[in-house]
Every structure is written in C-alpha cells, then in structure tokens.
Amino acid sequence: MNQLSLSRNASDSLKTNGNPAFAPSLDTVQQVDINEREFRRASQSKSERWTLRTPTKRDIVDRLGRVSAEDALRLKNCCSAFRVLTCGEHTLRSYPTFRCKKLFCPDCAAERATRLGNQTEAKIREVMKTTKGRLCFLTLTTKNAATLGGGLVKLKKSFANFKRKKDFKNHIKGYFGAFEYTFNPKTNDFHIHLHLIILRGKFWNQSDISDAWRDVTGDSFIVDIREIKNAHKGVKEVCKYPMKPTDLMEMPDDKFLEVVRMKKGTRMFVSGGCFYNVKLDDDDAADDNIFSQFAELIEGDACPFCKQELFDVLVDRGQHIGLHKLNAMPATVPKTNSS
Ligand SMILES: [Zn+2]
Ligand SMILES: [Zn+2]
C-alpha cells in the first residue's frame with residue numbers, strides 16, 4: 001500500500017464520513033520512518049524519492065547540536081517513543097509521546113503536510129461545488145533575501161498590496177497558499193516564494209500577472225501560473241515541507257540558527273476570497289491521529305480484525321517501525337456473522 005493511496009483514503013473517509021471499505025490507518029508510520037529507507041522506497045512514488053537522498057533526522061540532530069544543544073535534544077526526543085494500540089498482530093493506532101512541532105523536523109513536517117493536505121483538499125472540493133472557476137497553481141517569487149525574516153516580511157507586504165489590486169480582484173475568486181524557502185549556499189541567501197492555489201474566474205495571462213507583481217514588489221517579476229489538473233497533487237504541492245532538509249544542512253550557523261529560532265506562530269499560510277474558509281488548523285493541539293478510523297477504540301476492546309483483546313503499549317522508535325513492518329493488515333474488516 002503506498003502513501004498516496006493512504007492519504008487519499010484518509011481524505012475520502014473524511015468526505016464520506018466512514019467508508020465501510022476502509023484501509024488501516026498507518027499515517028503515523030509514514031511520518032516517522034524517515035530513516036527506514038527500504039520501507040520508504042516501497043511506500044513512495046517516484047516524485048517523492050528525493051527524500052531518500054536527503055539527510056536523515058539524525059544528521060539534522062547532529063548538525064543542530066553544534067549550534068544549540070537544547071534544540072537538538074528536543075528534536076532528538078521528538079517521535080522517539082510511541083503509544084500503540086495493538087492486539088499483537090494488528091496495529092490499530094499509534095502516536096508519538098512527544099512532538100517538537102518544529103518547522104525543520106522531518107517527522108513533524110511530514111505529519112503536518114499530510115494533515116493539512118487532507119483538510120485543505122476536502123475544503124476546496126466543498127467550495128468548488130458551489131463556485132465556478134478554474135483551479136490554478138500560482139507561484140509568486142521575490143528576489144533573494146539575506147535573512148529569512150526580512151525576506152518573509154517583504155513577500156507578505158507585497159502580497160498584501162497585490163491582492164488589493166483591481167486586476168487581482170477581477171480575475172481571482174479565491175486563493176489559499178503557503179510560503180516556501182530555499183537556501184542558496186553559493187550566494188548565502190534565501191529564496192522565498194509563495195505557492196498559491198487560486199480559483200480563477202476570467203483568464204489572466206502570465207505576462208499581465210508578472211507586470212502587476214512587479215508593480216507591487218518594485219524589483220521582482222518572476223511568476224508562474226498553470227492550471228491544476230489534479231487537485232490532490234496541487235494541494236500536496238502547497239502543503240509540503242516549507243524547506244528541504246538538504247538546504248538546512250548547507251546553511252552556515254547563523255542562517256541555520258535563524259531558521260531554528262523562527263518565531264512560533266509565524267504565519268505560514270494565506271487564504272482569502274471564496275477560499276477564505278480554507279482555514280488551516282495548524283495549532284499545536286491538533287491531534288496527531290485525527291484520520292485514524294480507529295480513534296474510538298480503547299484498551300480492552302476487541303480487535304476489529306481478529307477479535308483478540310487490544311493493549312495500549314509504549315514502544316520506542318525501533319520497535320514501532322518493527323511493529324508496523326510485521327503488520328500485513330487485511331484490507332477490510334471481516335464480517336462478524338460467522339460466530
Ligand atoms: Zn518533531
Ligand atoms: Zn488483531
């Protein structure tokens with residue numbers, strides 16, 4: 001079972017409120033097995049295999065340890081232990097005992113991307129039932145910035161002015177999007193851009209968008225607009241990691257520390273127009289496992305697959321990976337009429 005079909009199942013069950021032919025929820029295992037190359041190779045599509053060449057969480061912890069021991073310890077502890085609800089044969093639910101919720105943590109970033117992606121896709125589909133238009137992917141870029149904070153402020157200000165423009169309002173019915181950063185080690189600066197999913201009413205061509213964007217930024221005009229054929233992929237692109245771990249490893253200490261210390265609550269998302277209600281639930285309290293179909297099961301209940309008693313156990317990262325690896329869960333719950 002690959003990751004794509006799992007996350008689709010997750011969003012499907014969200015939409016249909018309990019599809020009986022559900023697949024087991026293994027969201028969590030996909031989030032934590034960054035080190036498990038084999039597992040990931042089997043569970044990832046080609047386009048996602050870049051993660052195989054990226055640094056592992058341990059690499060990032062080591063790198064972070066050189067600039068901040070405290071932050072490194074938090075990162076190390078994140079997803080190091082799990083509470084698992086299991087019958088011994090089937091794993092029905094699992095979640096980490098501690099999450100660092102840091103932007104640069106591969107475990108937390110992956111969890112966040114999955115969760116936000118599923119929420120967003122469901123909400124966009126909802127809006128598009130009643131509002132007509134073309135779903136497009138719009139990328140707005142700015143010139144490279146020496147600091148992440150400075151660059152972000154500039155891009156946010158430019159976008160605030162951009163969306164006030166008459167042209168914007170005439171062509172775009174709704175938008176939602178996220179900021180993304182890349183780092184250029186040669187020039188030692190950040191490239192910050194905004195990925196947006198827009199609902200376009202009237203056609204708006206790229207050169208006109210570019211002119212309008214130059215108008216508000218003063219010096220930046222590189223924009224890209226294309227129609228989205230697959231809403232699922234489009235949403236995934238917007239909700240993915242805001243920063244690649246490879247970039248993180250190439251930063252000098254001062255830049256690295258800036259990313260690590262970036263203020264909590266720094267707004268990562270924008271939304272407006274008919275997508276105004278695409279509010280992304282990105283707070284710390286968000287449940288790690290809200291897409292689990294087994295959320296209501298507790299210790300002592302019977303396993304829906306084999307009817308054995310369920311136990312709530314605490315396992316470490318290695319055991320957790322092992323538990324999931326051993327599991328070959330049936331695709332559907334067997335009917336209970338044989339007894
Ligand atoms: Zn984390
Ligand atoms: Zn079982």
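**Exercise 1. Find the residue that stands opposite Thr139 in β5.**

Solution. Thr139 faces His195 of β5. This is a predicted model, where local features need pLDDT of at least 70, side-chain atom pairs count only at pLDDT 80 or more, and totals for chains, interfaces and linings use all residues. Residues are numbered from 1 along each chain as its sequence is written, chains are lettered from A and ligands numbered from 1 in the order in which they are written, and side-chain values use heavy atoms, leaving out hydrogens and water. Next, look at the strands: β3 (residues 134-141) and β5 (residues 189-200) run antiparallel, joined by 8 bridges. Strands are DSSP runs of E, at least two residues, numbered from the N terminus, and two strands pair if DSSP finds at least two bridges between them.

**Exercise 2. Work out the strand order of the open sheet, and why one side of β6 and of β7 is left without a neighbour.**

Solution. Step one: the 5 strands follow the order β6-β3-β5-β4-β7, with antiparallel pairing. Step two: β6 (223-227) and β7 (269-273) are at the edges with a single partner strand each, so one side of each has no neighbour in the sheet.

**Exercise 3. Describe the site of the zinc ion (ligand 2).**

Solution. First, list the donors (N, O and S atoms within 2.8 Å of the metal, or 3.2 Å for Na, K and Ca; water is not among the atoms, so sites may look incomplete). Here they are Cys87 (SG), His90 (ND1), Cys303 (SG) and Cys306 (SG), at 2.1 to 2.3 Å. Then check the angles: they are 104 to 116°, which makes the arrangement tetrahedral (four donors, all angles between 85 and 135 degrees). Finally, read the spacing in sequence: C-x2-H-x212-C-x2-C.

Key
Helix = DSSP H or I, 4+ residues; strand = E, 2+ residues; numbered from the N terminus. Tetrahedral: all angles 85-135°; square planar, octahedral: opposite > 155°, others 65-115°.
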